[in-house]
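Keep the structure open beside you as you read.

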Amino acid sequence: MNPTIIGENCGYCQGGELLASFGIKICDLNVSQLILFKEQSHPGRCIVAYQNHISEIVDLTPEERAAFIEDVNRAAKAIHAVFHPDKINYGAYGDTGCHLHVHLVPKYKDGYEWGGVFAMNPGEKFLSEEEYADMIGKIKAAL
């Protein structure tokens, strides 16, 4: 896989303001990047985005696919360790973005949207810069 493949208008590829409109990069993983979703109605919600601008998981080699799933697993373990959700929902969308990524959405039995499908961006809960930094620090420590 060519690591220089990037999407022209893709926040995962370009970073900067495109990424900042919805997330904060936490760190690079083995073959992906871990991003904190700014909208935090589900405390600990993150995104694991593949390192290259590729649309479909079927376009990865078996080795690349295994490495990507391992990154998703690593991130999920960190979210479980830090936030103790009752369940994590995994969402892989991209009808318009077309960059392989998975949303990791912690769900809590006594919390927001328990028992239903999570809203992509409910726009209800945003944090202070200090709260984001604290959350990111805890996730990094758990990785």
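Start with H4, whose 14 residues reach 20 Å from first C-alpha to last, close to the 20 Å expected at 1.5 Å a residue (the expected span is 1.5 Å times one less than the number of residues). Helices here are DSSP runs of H or I with at least four residues, strands are runs of E with at least two, and both are numbered from the N terminus. Keep in mind that this is a predicted model, where local features need pLDDT of at least 70, side-chain atom pairs count only at pLDDT 80 or more, and totals for chains, interfaces and linings use all residues. Residues are numbered from 1 along each chain as its sequence is written, and side-chain values use heavy atoms, leaving out hydrogens and water.

Which residues of H4 are buried? They are Tyr132, Met135, Ile136 and Ile139, where buried means under 20% relative accessible area and exposed over 50%, with partly exposed in between (1.4 Å probe, protein chains only). Seen down the helix axis, these buried residues fall within an arc of 100°, so they line one face of H4; the arc is taken from the directions from the axis to the C-beta atoms. An α-helix has 3.6 residues a turn, so residues three or four places apart point the same way. On the face turned away from the buried side, H4 carries the exposed residues Glu130 and Ala141.

The buried residues of H4 pack against E1, E2, E3 and H3, contact meaning heavy atoms within 4.5 Å. Leu36 touches Tyr132, Met135, Ile136 and Ile139, among others.
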